[in-house]
Structure formats: structure tokens, C-alpha cells
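Have the viewer open and follow along.

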Amino acid sequence: MVLDELLDWSVGRPVWQRDALRRLVVTGELSEKDIDDLTEICKAKHGLAEQEVTHPLTKEDVPTRGESTAPVSLTSIYHHRGVNALAEGQTLAFSPNLTVVYGDNAAGKTGYIRILKSACRARRREEILGNVVSGASPLSPVVAIKYRVGDEEEPREWAGDGEDDLISRVSVFDAQSAAVYLTEKTDVAFRPFGLDLFDKLVRVLYPA
């Protein structure tokens, strides 16, 4: 976890920086009062002010890994009916390490990817189509994706209804997604919480 490594790194930093990191972890930003307090800590270090009580970053200040940060892993996809020409009542199970799905063209590999992209994070989603060559009106798709959060023993299930914040953490990449990255302009606007603390600490050292 980023914050655990940040805690280890902070042990060798000056006292005022360790105190600043604690404030940043707890509140996210430093107020004018925080800046004044940290200034007094620096001055006290050199005998220019009265000694200040400091509270450096400790393990107790670092958030524990909970559901909001636990990794999500896929367990299986169950296709009941209605997606392309996939066999009905079929389950595709995932290994905890690597799963290889192979087959001839039109064997159904893309159909499973479309199911995943409807629930997970993907740069370009595709409409789930019914079996248009069956000779009958396509049935409404009925699918289920099972997944685990962290070390949970029992998997959870997404049954195709609405958004699911947990399963949407899983990223899906395929040829359609690759085209987005290669041919369209994209911006990276996310950094894990913890890495942004370095920028904030630098701004205290060198204010604009």
C-alpha cells in the first residue's frame, strides 16, 4: 500500500515534515494555521521559538485497507441466455492467476468480453446483441458475473442490473479499447492517494 511505504520513508525526514504528512493524510490539505504551526516547529528546532509539541505521522494515522481499497477479482461469468449465439446455461470460470480462452472465429469469445465490458471499466463499451441468426426474436440477455472483494470467501454477484461500484474497478482491455488509446487523445488524470502527498509537501517547501 502506498501509504505504508510513505510511512517508512517519513521516518528519516525532519520532524516538521513528518508532522506535515500526518496533517495531509488526515485532512488532505494544509490550512494557514497548519503552515503557521509548522513554521513554529522549524523555528523551535533552531532555538528561535518555544518548543512545540509535534505529532509525526504514525501507523495509527494510516487508513487500514477496507472494502473501499480491497482488490476485486473475477470468479466466473454465467450466461443464461440472450447474448449473441453463446450456449445457454454456460459458465466461464476464472483462475486466480491466468485464464486463457481460445477458440475459432465466431466461437463466442467476444460475447463474453461484451458481458464484462457492460459491468467493468472499459474505454469503449459495446452493445450486447441477441442471437440475430436464430430465426426468432432475440431474447433479453440474462447474465451474472461473480467476483470477490479482497479475501472474502463467498463471491458476490452482479446480475446485469444497474451500476456496481465494486466490479467497475476491474479494467477490461480488448482490440476495441486498444484503438481508443492508439487513435484518440486521452488524458491521465488519476494518481493513487498517497502519491499526491509529495506534491503537497513540496508546495509547503517552495510556495508559489
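Contact here means heavy atoms within 4.5 Å. Keep in mind that this is a predicted model.

With that in hand, start with helix H1 and helix H6. On the H1 side, Leu3, Leu6 and Trp9 do the touching, and their partners in H6 are Leu197, Phe198 and Leu201. Sorted by type, the residues of this contact come out as 6 nonpolar, no polar and no charged.

How are the two helices arranged? H1 covers residues 2-10 and H6 covers residues 196-205, and they pack at an angle of about 40 degrees with their axes 11 Å apart. Angles under 35 degrees would count as roughly parallel and 65 to 115 as roughly perpendicular, so H1 is oblique to H6.

Now look at H6 by itself.

Setting aside residues up to four places away in sequence, Gln17 touches Leu201 and Leu205. Leu205 belongs to H6, and leaving out its own neighbours within four places, Leu205 is in contact with Trp16 and Gln17. For a sense of distance along the chain versus through space, take Leu205 and Pro138: they are 67 residues apart in sequence and 64 Å apart in space, C-alpha to C-alpha.

Is Gln17 buried or exposed?

| Residue | Relative accessible area | Class |
|---|---|---|
| Gln17 | 6% | buried |
| Leu205 | 38% | partly exposed |
| Cys42 | 27% | partly exposed |
| Cys120 | 0% | buried |

So Gln17 counts as buried at 6%, while its contact partner Leu205 is partly exposed at 38%. As for the cysteines, Cys42 is partly exposed and Cys120 is buried. How many disulfides are there? Asking for a pair of cysteine sulfur atoms within 2.5 Å, the count comes to 0 disulfides.

Notes. Residues are numbered from 1 along each chain as its sequence is written. This is a predicted model: local features need pLDDT of at least 70, side-chain atom pairs count only at pLDDT 80 or more; totals for chains, interfaces and linings use all residues. Side-chain values use heavy atoms; hydrogens and water are left out. Axes are lines fitted to C-alpha atoms, for helices over the stretch in contact, and angles run from 0 to 180 degrees between N-to-C directions. Helices (H or I, at least four residues) and strands (E, at least two) are DSSP runs, numbered from the N terminus. Angles under 35 degrees count as roughly parallel, over 145 as roughly antiparallel, 65 to 115 as roughly perpendicular and the rest as oblique. Ala, Val, Leu, Ile, Met, Phe, Trp, Tyr, Cys and Pro count as nonpolar, Asp, Glu, Lys and Arg as charged, and the others, Gly among them, as polar. Buried means under 20% relative accessible area, exposed over 50%, partly exposed in between (1.4 Å probe, protein chains only).
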